Amino acid sequence: MSKPEFVYMTLIAAPPEQVWKGLTTAEFTRQYWHNTRVRSDFKPGCKIEFLNEDDNIVVLGEILRADHPNELAYTWQFTGDSAAADDPPSRVTFTLEEIKVGTRLTIVHDQLEEGSLTATMISGGWAHVIAGLKTLLETGEAVDFTAPEESDCPGRQSVANG
Amino acid sequence: MDAIFKALADPTRRKLLDRLFRKQGQTLTELIDGLDMRRQSATKHLAVLEEAQLVTCQWHGREKLHYLNPVPIAEINRRWLDKFSGDRAAAILNLRDALQENDNE
């Protein structure tokens, strides 16, 4: 089966160059991409890594195409502690098209195994990552990853102050 | 954002989104299979959904495949829900789903 599994699209009021930067630099990714930092030379054959706060690699891949600032594709594999680490690598392709209002960003995540844990993990995750990128580039506002742990997590805090 | 709510304000369009949520990458024929809906009517509804970016399409040869694009819904989530903690909202939704499960099946 060669059909893409997930296709996401958004319009971002920023030029492709800026969106590319948002996807390929650690200072940007940590602000909207689950607090991870991307690391790669972004050349075909090079590896790409996403590091969490503890410098552990949480996603590992290989750059398949890097046509700056129009198209970026790499393989995708969860690593480390993730239970999805045993799934075979899948593929993510970003297409950036310049339009009047800025950039049309399309993300296709395919070559997934039917029903795999990776497929389950990414299905809802991308929408939040992309919405975060859009907000960051349009307003400069980063996603607040600390909030749920500090005061709003119902499991750890008593309801007395709610 | 008006376009999203306008698109979602119709039960037929919500039904089409439900079908895409269950199975991504469907052709028009596949999408309306078993539904009491003409192609022409479905095409119009899909155009409204595409306009609102809730549906996005990819061509595979001569086949136009439709995908549910959840990004606008994530934007709504960011604007009004994130501050109330995703964890708590998710817990309530899970509870609601669990309670309603028997009704839906």
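Two strands count as paired if DSSP finds at least two bridges between them; strands (E, at least two residues) and helices (H or I, at least four) are DSSP runs, numbered from the N terminus. The model is predicted: local features need pLDDT of at least 70, side-chain atom pairs count only at pLDDT 80 or more, and totals for chains, interfaces and linings use all residues. Residues are numbered from 1 along each chain as its sequence is written, chains are lettered from A and ligands numbered from 1 in the order in which they are written, and side-chain values use heavy atoms, with hydrogens and water left out.

In chain A, seven strands form an open sheet in the order β1-β7-β6-β5-β4-β3-β2, with antiparallel pairing. Its edge strands, β1 (6–12) and β2 (37–40) of chain A, each pair on one side only. From one strand to the next the twist averages 25°, where axes are lines fitted to C-alpha atoms (for helices over the stretch in contact) and angles run from 0 to 180 degrees between N-to-C directions.

Helix α3 (residues 117–139) of chain A packs on the sheet and touches β1, β5, β6 (90–99) and β7 (102–110) of chain A; contact means heavy atoms within 4.5 Å. The direction of α3 makes about 5° with that of β1(A).

| Pair | Bridges | Opposite residues |
|---|---|---|
| β2(A) and β3(A) | four bridges | Ser40(A) and Ile48(A) |
| β4(A) and β5(A) | six bridges | Asp67(A) and Glu71(A) |

The hairpin of β3(A) and β4(A) has five residues between the strands, and Asp55(A) takes a positive phi near 65° there. β4(A) and β5(A) also form a hairpin, with three residues between them.
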